[in-house]
Amino acid sequence: MNKKILMMGASALMISAISTTVAYAQEETVTEERIIVTGTRRTARSAADSPAPVDVITGDEFVNQGATDMTDLVRLAVPSYNVNQQPISDAATLIRPANLRGLSPDETLVLVNSKRLHRAAVISFLGGGISDGAQGPDISTIPALAIKRLEVLRDGAASQYGSDAIAGVMNFILKDDAEGATFEGKVGSNYDGGGDIYSIAGNVGLPLGDRGFFNITGEYSEQDPTSQSVPRGDVVALLAAGNAAVANAFQLFDTPANIAQPWGQPRVDDDIKVFVNTAVEFSDNGELYAFGNYAQRRTEGGFFFRNPTNRGGVFAGPTVDPLTGALDPNGVPSVLVGNLAGIDPNACPAGIPLTAGGGLLPDPTVLGLVTADPNCFSFVEMFPGGFTPQFGGNLTDRSIAIGVRGEIAFGSGLSYDLSYKYGKNDANFFISNTINASLGPDTPTSFRPGGYTQEEDNINLDIAYGIPIAGFASDLNLAAGFEYRVESFTIRAGDPASTALGPLSAPSPAFPNGQGFSSSSNGFGGFIASSAGTSRQSNTAFYLDAEADVTDRLVMQAAVRYENFDSFGGTTNYKLGGLYKLTDNFTVRSTYSTGFHAPTAGQANVTNVSTVFVGAVLADQGTVPLSSVAGQFIADDLVAQGFARPTLGPEKSDSFSGGVAFKIGPANITIDYFNIKVKDRIALSSSFSFPDALRRFAAANNVALGPNVITTSQLLNALDAAGTLNAGDFAGSEDLTSFGFFNNDFDTRTEGLDFVVNMPIDLGRGSTTLTGAANYNNTKVIRPGNISPGRLRQLEDNLPAWRGNLTLNHDEGGWAALVRANYYGGFFEDHLDSNLAFPINAGSEITFDAQLSLRFMDEKYSIAIGANNIFNNFPDKNPFGSVVGAKYPLTSPMGINGGFYYLRLTAKM
């Protein structure tokens, strides 16, 4: 059997949604005979005969762009796919969450060669509202040169693929050439000189005898950081007051003295990506295949600036006497002072009065006393201008898939595909230019706060058989399959200093309520030993699928899938689809399906602390498992207030799509409507005040609290002393002012339209095509649950209602040109997740991209120059820029870096 036919048929076995394809390729229009593997289990299925829409983006479309990150490449090609820079977003900066059709990143299933791509280890705790708490895969590990094509199924498909396929399915098909090689070098930079990138990549195809192939792709790239910032108001005030040390607060790269906290893309070093795809026939009706990858990179960016006058737990002290620094409830603000001897509480001033520089500088006399006394310490001695932590991660990713596929016997028509796939993603975090305040002067300034690992094992068996049915225009294709999947999520403990509860924080006989300094590495606290460990869950699934051409004009399809999770129980989902050709040039199609998305092992068990901006100051915001003591404490508090008890289980969806495909002259046009209702969406809850809940608990248990019992740790100690709870049960939560957990919190309905047009243009010379694509997307929260008003607005309006692009390609002789216009509709941002304290209503924008390429020496070599956002357009400016220095809205769908130009050299052999 021909290898290409074997691969095509066996790959089709793995897919069970039905699809319609429109090509975005540079040199071709829509072709009714284009064969797809995503969305059907039938071999040699024509895209024009499928009831649900699928976008097909060729590998050339990805290569002909300036970006190197696959996430950005897909964003430019698919209007319903949105992603932004995610600056200062904790781990979300390392692996950026992306949204297909307005839904969460983990509500889109990603496949490689029709096999499930494992999730990333990173969970997006700060995901801009829509992606808060999402744990999706990392497609940036895929090099562009490895891709033969990408098929994007814009339809619910959980009844075929299982969990996650609610918004749709993205299937990256790897190159399978058995000969030839392509090598590419690329350099580029933003117009303002920042964000330099360079990359080198190669793809080589080799034969394995005369019945197989070995195809390998490698890429190495690096990326410089960017800064789209304005001076923070507090930084300007500190400089004006005479605190020149503010200029040294940020250390990662050079910035102006008044930019203590840059906003932009992170630095990426040693970004290595390798993909291998191979197969060999062992008989006329069987084939062994394998593919896999290895990737690694180091990513580093900045965090929020720690103001030397008011950062809680580090600098902010009590009100004190303006002359002596002694405690005085009617005094002036101060900088916190620690007593290193741990004895006489009056041995050191309670704080250094902020009386110099208009109330922004420490009193020099008291500061001198603290500095001269070895038993007294303040962090203005170490960081007089404050500090900006630098956070990053070393990321590694690897996978291997092996399988056998073919026919049970040649000509029998009974095909099979048996496979095993393993995937692993590691994130090892680091943070520097920061402190563990509770350790005082003994604190290191660099920490290893731990890491996450996601591992997945998948076993799949798929079989299909065509049964002749009298009166049908084709065989009835029956398919059945089995899947067993195990996923595990591991938390690794941080180094001792990143978790330490040092002497300036821990209670002692002399200071029963501590000294007010925060514990753990500031900005990203280390994972404590009790939080470390591995959580696992497994699921088993069975499916049935049927599809046939009932007549020459009518195609029908149905599928049903049962899936059982050991953690959450079972669910059954189904799908019905149909297509009818009214004429040779006009087709109608529609599908209806149910779906589900189960919580990941990470979402159910993760513990994390992030530093967020609350009001005018920074605060530590935690995430704990709902099943933990702290999580259940808040759940009990919510019930006591009259709210429903939070739960965590699978979310469920209902999806309907309907559309038309037709031709007008040379133009091929598709218009598709979709409506997706998701019930009990899995998300990171709103943050709940831990001290407030403890105070309500104290009141309910008649525990009197003294006036100095204010902080979380003080409240826990007081309640423990009263015998109403065990403070030790809350280890790791004693520094938290607020935290949330994963739960089923709200319901949404997302509906919209997708438009695609593709047509050739006869210019009398060369080949010219015009391709247009647009997406309208509207999400409404139909049951808000416990989410905040700001989160609700983000869910509904953070993504633009309209996005689209129009691309003109021309190829003639030894040269080719591309011009593309991109439209981004207006959007809303709840800046800094401030719960509408800083609302931004940003307007629509249009950008233009262009590329010119020249081929020479029998077209074996080419050089291309181009630019994305060629006119250097930016989103509307942030009206609250002086708050934390962000020049533009941080969730802008067009990005915040402006124009980018690049040069690419390519050699083909």
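Guide: This is a predicted model. The accessible surface of the chain comes to about 31700 Å², and 58% of that area belongs to carbon and sulfur atoms.

Visitor: What makes the chain as compact as a globular protein of its length?

Guide: The secondary structure comes to 13 helices and 40 strands. The radius of gyration of the chain is 29 Å, and the globule rule gives 29 Å for 909 residues, so the chain counts as compact in that sense. Along its principal axes, the C-alpha trace spans about 95 × 60 × 50 Å.

Visitor: How many of the residues count as buried?

Guide: Of the 909 residues, 59% do. The cut-off for buried is under 20% relative accessible area.

Visitor: Why is a set of residues called a nonpolar core?

Guide: Its members are buried residues of kinds such as Val, Phe, Trp and Tyr, joined through side-chain atoms within 4.5 Å, which is why the name applies. The largest such core has 36 residues, and W263, F429, Y452 and V606 have the most contacts inside it. Two or more residues each come from β18 (390-407), β19 (414-432), β20 (446-467) and β21 (476-492). The most come from β19, with 3 residues. Another core, of 34 residues, lies apart from it and includes Y81, L150, F291 and A401.

Visitor: What share of contacts join residues at least 24 apart?

Guide: Among contacts between residues at least 6 apart in sequence, the share is 71%.

Visitor: How far apart are the mean positions of the positive and negative charges?

Guide: For the 60 positive and 92 negative charges of the chain, they are 5 Å apart.

Note on methods: Residues numbered from 1 in each chain as written. Predicted model: local features only at pLDDT ≥ 70, side-chain atom pairs only at ≥ 80, totals over all residues. Heavy atoms only, no water. Buried < 20%, exposed > 50% of the residue type's maximum accessible area, 1.4 Å probe, protein only. Helix = DSSP H or I, 4+ residues; strand = E, 2+ residues; numbered from the N terminus. Rg over C-alpha atoms; globule rule 2.2 N^0.38 Å. Contact = heavy atoms within 4.5 Å. Areas by Shrake-Rupley, 256 points an atom, 1.4 Å probe, with all protein chains shown as cover. Lys, Arg positive; Asp, Glu negative; His and termini not counted. Charge placed at Lys NZ, Arg CZ, Asp CG, Glu CD.
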